[in-house]
Amino acid sequence: MADNHPTVLVIEDEVQIRRFLRATLTANGYQLLEATTAQEGLVQAATRQPEIVILDLGLPDLDGLEVTRRLREWTTVPIIVLSARGQESDKVTALDAGADDYLTKPFSVSELLARLRVALRHAARTSQEPGEPMFTVGELRVDLGRRQVSIADQQVHLTPIEYKLLSTLVRYAGRVVTHRQLLQEVWGPGHTDASHYLRVYMGQLRHKLEADPARPRYLVTEPGVGYRLKTD
């Protein structure tokens, strides 16, 4: 596999969506594998080892959530879920099951390609540079080795909880992180329903890091789902 030609496995039973994805992905330099059922997709994932999976939730033989759970038993390959289910609860369930991101049908070409790039960058960073100490986007700089945060070269003091929340978002930079996942990683498994903690501390982080906290540049809300630290 050439670096510039990642292999994408599309697990999707809708002919029109598959045709659209085939045209879009091949035109943008991706190699394509296709599966129309969950079982076929699981076999292809195991035998062909794609760099990323695009997965429909509404498959004829097995729910896409179960496919996600089965993949996560043995692989960390990025999974982007496609769904006609617009409810926030479906998105949260997919992300908590192990998906990296989601797109609600219909979606634009530019959004799909952007999500693919983010997922692939994150996977590469995780596998190649697990100890990467520095994260930079715009004027925000997070030195994970020294536990220091700065905006426009001015150091910002964060409380331990604020720093833990930010560093967790840095670890998943560019990807949506659910409320439940953030609460579990920052406060522990006994606090997964304490969503008010997140609202308070995210508000504090934004006031310290954002030029306009009401219109955040870095710490973006995914309504009803969680938060995303933007990378571009």
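How many helices and strands does the protein chain have? The protein chain has 8 helices and 12 strands, where helices (H or I, at least four residues) and strands (E, at least two) are DSSP runs numbered from the N terminus.

## Basis of the model

This is a predicted model, in which local features need pLDDT of at least 70 and side-chain atom pairs count only at pLDDT 80 or more, while totals for chains, interfaces and linings use all residues. Residues are numbered from 1 along each chain as its sequence is written, and side-chain values use heavy atoms, with hydrogens and water left out.

## Overall dimensions

The C-alpha trace of the protein chain spans about 50 × 40 × 30 Å along its principal axes. Of the 232 residues, 47% are buried, meaning under 20% relative accessible area with a 1.4 Å probe and protein chains only.

Among contacts (heavy atoms within 4.5 Å) between residues at least 6 apart in sequence, 58% join residues at least 24 apart.

## The second largest pocket

A pocket here is an open set of points on a 1 Å grid over the protein atoms alone, where a 1.4 Å probe fits, with protein on both sides within 12 Å along at least five of seven lines; lining residues have an atom within 4 Å of a point. The second largest pocket is lined by A114, R115, V118, G174, V220, E222, R228, L229, K230, T231 and D232. The elements giving two or more residues to this lining are α5 (109-128), β11 (219-222) and β12 (226-229), and α5 supplies the largest share, 3 residues.

Methods:
Buried < 20%, exposed > 50% of the residue type's maximum accessible area, 1.4 Å probe, protein only.
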